[in-house]
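Student: Please take me through one part of this model in close detail. I would like to look at a metal site and how the chain builds it.

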Amino acid sequence: MGQMGLSSFSFSMVSYIILVLGLIIGPLLCNGGKTSTFVRKVHITQGDQVGKAVIVSWVTVNEPGSSEVLYWSEISKHKKVAKGKVVTYTYFNYTSGYIHHCTIRNLKFNTKYYYVVGIGHTERMFWFFTPPEVGPDVPYTFGLIGDLGQTFDSNKTLTHYEMNPQKGQAVLFVGDLSYADNYPNHDNNRWDSWARFVERSVAYQPWIWTAGNHELDFAPEIGETKPFKPFSKRYHVPYKASGSTAPFWYSIKRASAYIIVLSSYSAYGKYTPQNAWIEEEFPKVNRSETPWLIVLMHSPWYNSYNYHYMEGETMRVMYEPLFVKYKVDMVFAGHVHAYERSERVSNVAYNIINGECMPVKDQSAPVYITIGDGGNIEGLANNMSEPQPAYSAYREASFGHAILDIKNRTHAYYSWHRNDDGYAVEADSLWFFNRQWYPKDESH
Ligand SMILES: *[C@@H]1O[C@H](CO)[C@@H](O)[C@H](O)[C@H]1NC(C)=O
Ligand SMILES: *[C@@H]1O[C@H](CO)[C@@H](O)[C@H](O)[C@H]1NC(C)=O
Ligand SMILES: *[C@@H]1O[C@H](CO)[C@@H](O)[C@H](O)[C@H]1NC(C)=O
Ligand SMILES: *[C@@H]1O[C@H](CO)[C@@H](O)[C@H](O)[C@H]1NC(C)=O
Ligand SMILES: *[C@@H]1O[C@H](CO)[C@@H](O)[C@H](O)[C@H]1NC(C)=O
Ligand SMILES: [Fe+2]
């Protein structure tokens with residue numbers, strides 16, 4: 001796929017110029033204070049397993065400044081301070097700014113909090129809402145975005161998500177964030193510009209991160225051989241809370257959902273850390289507490305486009321029996337730059353000699369949704385395998401996002417929104433019936 005270079009540059013350049021101007025003009029207007037601690041690229045994610053903690057991350061440019069976050073709830077207004085840590089990294093000839101990560105703990109559920117990062121004239125204030133306490137009938141609305149990048153299409157996707165009348169409260173992000181690796185020497189300034197671009201959403205609501213192939217930044221030709229280096233320095237996740245030993249696979253509970261994040265680009269075969277973790281993990285899911293079992297990964301298993309075809313196949317062979325056994329409700333993936341929704345199908349009967357190697361309808365199986373249509377920089381995937389396989393319920397090569405609106409333990413309303421339509425238009429939609437509590441066939 002060719003690159004759409006032009007469209008990608010302008011808006012990030014404009015915001016960059018505005019920020020640079022801000023840095024130059026700032027001190028003149030602000031009593032000669034230092035500009036070097038200017039805080040930017042603020043983002044938050046869930047900081048524990050149940051939603052009572054938030055990880056706040058941000059970058060300061062020339063000096064570390066403070067790693068503390070000042071925060072207070074809308075109700076009490078009593079200000080508290082949480083202490084964080086600062087890290088830096090180098091990548092080829094790029095040196096990062098000071099990357100701060102601060103976990104705010106012991107928050108109250110279902111509460112609006114304000115928070116401030118930075119010191120003196122560089123202070124910036126944001127807010128977020130904690131989720132309601134985990135429970136089986138707690139409604140919650142997730143946004144779904146994948147393969148976002150930083151093009152005009154990316155901006156359109158984010159704007160459509162923000163303007164959707166169904167308001168997402170947190171984003172399940174299925175991997176491929178900045179596409180910095182598509183620039184010369186994986187230009188890590190692109191990690192910075194991406195973080196500035198999405199700040200308008202992710203500073204105010206948590207995005208739940210999944211690692212994609214564009215997070216690998218594995219480039220031995222320029223001496224960079226540590227996979228996920230920039231991603232893991234910049235995007236912290238609460239992996240230890242779920243007993244994981246690496247930040248690329250982990251789980252969280254949020255409202256009535258149990259969300260398992262897997263890594264398509266970490267080892268997952270027998271005896272690997274990820275496999276050991278997932279085998280322990282599925283039995284822990286209590287559907288009386290969290291009825292909705294959702295899995296996020298980057299590389300899709302059921303994909304009928306002629307891009308990345310069968311790349312998810314080895315992981316499917318490895319883990320699909322678990323997904324069926326534990327009745328996963330839905331699996332969201334990205335990677336393929338288009339949209340696709342599957343029927344409930346499984347392909348777990350094959351044992352090398354019986355010839356039973358076709359996907360079959362299976363009401364214990366998840367619906368697989370590919371939502372890699374965020375904008376990227378490589379263009380849309382529009383070449384589909386023909387005829388459309390029976391497992392594929394709906395597919396379309398358009399940019400967009402989706403909303404998963406969980407109503408209670410039995411029903412969740414799902415809709416996909418293409419960027420070419422008005423904000424409220426649903427291009428594809430479905431009532432999901434929970435596999436544990438109401439395992440009816442939703443396809444008719
Ligand atoms: C990105 O979207 C925002 C919000 O819709 C808009 O204000 C801004 O002009 C867009 N930026 C570009 C470069 O198109
Ligand atoms: C890094 O190297 C590239 C290619 O040689 C060069 O264009 C760029 O200016 C360098 N950046 C820094 C910060 O030295
Ligand atoms: C599952 O969750 C329910 C509801 O919170 C609770 O009553 C029950 O004890 C839990 N079961 C297990 C095995 O932990
Ligand atoms: C679509 O993909 C198929 C299979 O890879 C390939 O043979 C075909 O040439 C592609 N068509 C176009 C228009 O690129
Ligand atoms: C669950 O939500 C669905 C859709 O809103 C509704 O029809 C159903 O009555 C609800 N179930 C209960 C027990 O409230
Ligand atoms: Fe990808």
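Tutor: Start with a term: donors are N, O and S atoms within 2.8 Å of the metal. Water is not among the atoms, so sites may look incomplete. Keep in mind that this is a predicted model.

Now take the iron ion (ligand 6). Its protein donors are Asp 176 (OD), Asn 213 (OD1), His 298 (NE2) and His 335 (ND1). They lie 2.1 to 2.3 Å from the iron ion. Along the sequence, these donor residues follow the spacing D-x36-N-x84-H-x36-H. Asn 213 sits in the loop between strand S13 (207-208) and helix H4 (229-234), and His 298 in the loop between strand S16 (292-296) and helix H6 (313-325), so the pair ties together parts that are 85 residues apart in sequence.

What is the geometry of the site? The angles among the four donor atoms run from 85 to 171°, and the site is irregular. Four donors count as tetrahedral only if all angles lie between 85 and 135 degrees.

His 298 is buried, because its relative accessible area is 0% and buried means under 20%. Asn 213 has 21% relative accessibility, so it counts as partly exposed.

Ligand 2 is surrounded by Phe 92, Asn 93 and Asn 185. A polar side-chain atom of Asn 93 lies 2.3 Å from an oxygen atom of ligand 2. The protein covers 26% of the 360 Å² of accessible area that ligand 2 has on its own.

Technical notes: Residues numbered from 1 in each chain as written. Chains lettered and ligands numbered in written order. Predicted model: local features only at pLDDT ≥ 70, side-chain atom pairs only at ≥ 80, totals over all residues. Heavy atoms only, no water. Near = heavy atom within 4 Å. Polar contact = N/O pair within 3.5 Å; in protein donor to acceptor, adjacent residues only side chain to side chain. Areas by Shrake-Rupley, 256 points an atom, 1.4 Å probe, with all protein chains shown as cover. Donors = N, O, S within 2.8 Å, 3.2 Å for Na, K, Ca; no water. Tetrahedral: all angles 85-135°; square planar, octahedral: opposite > 155°, others 65-115°. Helix = DSSP H or I, 4+ residues; strand = E, 2+ residues; numbered from the N terminus. Buried < 20%, exposed > 50% of the residue type's maximum accessible area, 1.4 Å probe, protein only.
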